[in-house]
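Please look over the sequence and the model shown here.

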Amino acid sequence: MVGRGNLDDEDYPAVTTGQAARMLGVQEAFLRSLDAAGVLRPHRSDGGHRRYSRRQLGMAVRLRELLDEGHSLAAATRIVGLQDELTDAHKQIADLRSRLPDDDG
């Protein structure tokens with residue numbers, strides 16, 4: 001039996017390709033194409049079926065939006081990667097600022 005803790009894990013591969021396609025409003029072929037291109041690698045079940053995590057579903061949505069805006073898959077992948085790097089950099093800056101002593105005293 002799967003523990004509830006797994007379902008709270010953003011990286012737990014809980015969603016099948018068909019479920020993911022319905023949730024995201026895309027064709028299953030779109031998700032398979034992301035896998036074939038090496039952009040989004042879902043976990044494989046023992047039977048070889050693709051399983052997606054919530055984090056991967058979020059990335060698929062971001063890629064679909066950029067593709068719908070007219071970007072190529074390569075450009076969309078690069079944009080998402082740069083956005084993620086920027087988010088991480090902002091988090092690191094905030095963490096470092098929180099470690100600085102206050103100037104009040």
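The sections below take up the basis of the values, then the salt bridges.

## Basis

This is a predicted model, in which local features need pLDDT of at least 70 and side-chain atom pairs count only at pLDDT 80 or more, while totals for chains, interfaces and linings use all residues. Residues are numbered from 1 along each chain as its sequence is written, and side-chain values use heavy atoms, with hydrogens and water left out.

## Pairs between distant parts of the chain

The count of salt bridges (a side-chain nitrogen of Lys or Arg within 4 Å of a carboxyl oxygen of Asp or Glu) comes to 9. One of them joins Arg55 and Glu10, with N to O at 3.6 Å; the two residues are 45 residues apart, Arg55 in helix 4 (residues 54-68) and Glu10 in the loop between helix 1 (4-8) and strand 1 (15-16). Helices (H or I, at least four residues) and strands (E, at least two) are DSSP runs, numbered from the N terminus.

Arg62 forms a salt bridge with Asp84, with the closest N and O atoms 2.9 Å apart, and this pair links helix 4 to helix 5 across 22 residues.

## A pair within helix 5

Asp95, in helix 5 (residues 73-99), forms a salt bridge with Arg99 at 2.8 Å between the closest N and O atoms; the two lie 4 residues apart, about one turn of the helix. Asp95 is partly exposed at 34% relative accessibility, whereas Arg99 counts as exposed at 61% (buried means under 20% relative accessible area, exposed over 50%, partly exposed in between, with a 1.4 Å probe and protein chains only).
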